[in-house]
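User: I've got a model open and would like to learn how to read its packing. Can you walk me through it?

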Amino acid sequence: MYNYNEFDKEFIQNRVHQFRSQVERRVDGSLTEDEFKPLRLMNGLYLQLHAYMLRVAIPYGTLNSAKMRQLAFIADKWDKGYGHFTTRQNIQYNWPKLSDVPDMLQALADVDMHAIQTSGNCIRNVTADHFAGASADEVEDPRPTAELLRQWSTDHPEFAFLGRKFKFAVTGSENDRAVIKAHDVGLRVLRNDAGEIGYEVIVGGGLGRTPMIGKVLRTFLQREDLLPYCEAIMQVYNALGRRDNKYKARIKITVHENGIDKIRELVEDRFIIQRAAFGGYDQVLFADIKEAFASPDYINADTDGFDVSLKTDPAFRSFADTNLSSHKNPDYAIVSISIKKHGATPGDATSDQMRVMAELAEKYGHDELRISHEQNVILPHVHKSHIPAIYAELRKVGLATANIGLISDIIACPGMDYCALATARSIPIAQQIATRFEELKLEHDIGQLKIKISGCINACGHHHVGHIGILGLDRAGVESYQITLGGDGTQTATIGKSAGRGFSYTEIVPAIERLIYAYLDIRNDANETFLETYRRLGLEPFKIALYPETRIAAE
Amino acid sequence: MVRAYTPKVLTANRLIEGDVVYYGHNGEWVLSHDDALFLEDEVQANDLLASANKQAALLVGAYLADAALENGKPIPTHFREDFRTRGPSNYAHGKQAEV
């Protein structure tokens, strides 16, 4: 992985000193809260419902064991012994004291981490496919591109005060695991007919109150043109993007209001000017960055132990079926560690669990860990012979849940249990759905199903792209949950359709249960996924299951 | 149309700790909603809010939250405020486990 150079280190150290002094001035009364708020937000510090919250960047979700151990240390020393992995591959601490935050930032800086650009109207932490550099289906590791974008966008003066926040996501594979079509800019590394590597550029995607699937701005962009082209996009957005209304300020609205053709024309014009300003140093830098992301030195060993465990241990077999993915090295696998034990808070890991994952990465995983936007932790490079031992260690700390991609592997935003913006709770809904389907012992029969829950219209829980999306709202002082169906966050990205009126807090889990039983009844066979059944039959049969009173009335 | 005034409590977060606090009977800031001063008078409520907004070294984000009276104690009327009295509902930690 990329290691900070002196420039990077000095930059984040300076920021820690700066913020320490800003906190001192806030506490001694030299700064008012109105003056201090934008400064704390520039360093990832929010005031939430019950306490402050510190959001720490994990660029493109990549960590090593030293960083993971430091996250555990911070959780123990200054928080309540746990951290929350988010849908943007970050980690949040829910209980820091204002006076401790400079020390927390110093502890992060000690391992080349920070909370910069995790809030505010700037280019946010760049996200990427969590299987980057490991997946069998990849054209190229997207992380060098993400790192180049990180370096370019960090503290970029022209893009420090945009009309609204701006998010980049990068994938190196046709199979999109980074939800690039729901980002302000999505990049897909691909090879053209001439065999050259470049990018498909998607712009204007986003969820929130006006969900939009991104549109193709360029079908193929030469690699060396990436930064001038992105700079052109940002400049067009900065000039055209609305600042009169915060709800119309994202680039998705700019694209929607002006049309993709007009945006393309403006970007291409601007690009010619920007390209002339780039002297090629970015490509020298890119070559260095790429070297830092070279594949690990794979070990050569037989995989007999793995094969034997598969045959003899049904619990291990179940774990292997759901939590392993194909690695580009056939003797290796990608291990997904579920942070979704039935009934637990999606994305919450204790400091002990973090240390075990760090230990496993160091011992068996070429010292690499990833955080997925689905709020799980990945060991991207594991020789198959080590997987039984990893599984045994994970079991000891409640991390061996075999549910990746299943109904209990739910994305849920913090919701009203923590977030000041939320209009309803989301975590307890996820807990109850997971617990219920575990009791019913149905989740393996149901198969691949993505439920995503947001506790407000801002859609941090990606509900619009859930096969089943749940949106929690405040309806006249009562929590109300709306269901959307048929959403998809992959290369075939689709915004889910509303199924009808909302359900109360006590009605929502039984409603999901009716929906699932309807699916089990009407699917062609066990191989037809929920999404496939929905695409074949549409909303109607699911509506009947959700609202049985409608059917009775019709009869 | 001017909305009729409904009773309130005055609440904020502590500047350093971030804890939810309420304005109490003796002008102190208390952790328990039970001990909050029930504000039936709009003028008094607004005056206290204005004064809380001046206590920048102690508090952050002061506002008036709707409340009702039950058995002589103020109770929140909205679920958001109800959560703020205790902490997260996913499992018992925060204020409910510590105070």
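**Reading the model**

Analyst: Start where the chains meet: the contact takes 23 residues from chain A and 23 residues from chain B, where two residues are in contact if their C-beta atoms, placed from the backbone, lie within 7 Å. This is a predicted model, so local features need pLDDT of at least 70 and side-chain atom pairs count only at pLDDT 80 or more, while totals for chains, interfaces and linings use all residues. Residues are numbered from 1 along each chain as its sequence is written, and chains are lettered from A and ligands numbered from 1 in the order in which they are written.

User: How do I read two packed helices?

Analyst: Two packed helices are described by the angle between their axes and the distance between the axes. Axes are lines fitted to C-alpha atoms, for helices over the stretch in contact, and angles run from 0 to 180 degrees between N-to-C directions. Here, helix 1 (residues 6-27) and helix 4 (residues 101-109) of chain A pack at about 175 degrees, with axes 9 Å apart. So helix 1 of chain A is roughly antiparallel to helix 4 of chain A (angles over 145 degrees count that way). Helix 1 of chain A brings residues including Ile12(A), Phe19(A) and Arg20(A) to the contact, and helix 4 of chain A brings Leu105(A) and Gln106(A), among others.

User: What about sheets: what is the strand order in the open sheet of five strands?

Analyst: Two strands pair if DSSP finds at least two bridges between them. The order is 6-7-8-9-10 in chain A, with mixed pairing. At the edges sit strand 6 (127-128) and strand 10 (215-222) of chain A, each pairing on one side only. Strand 7 (residues 168-171) and strand 8 (residues 185-191) of chain A run parallel, joined by four bridges; Thr171(A) has Arg188(A) of strand 8 as its bridge partner.

User: Which strands does helix 6 of chain A lie across?

Analyst: Helix 6 of chain A lies across strand 8, strand 9 (197-203) and strand 10 of chain A, running at about 10 degrees to strand 9. Helix 5 (residues 143-153) of chain A lies across strand 6, strand 7 and strand 8, at about 160 degrees to strand 7.

Key
Helix = DSSP H or I, 4+ residues; strand = E, 2+ residues; numbered from the N terminus. Parallel < 35°, antiparallel > 145°, perpendicular 65-115°, else oblique.
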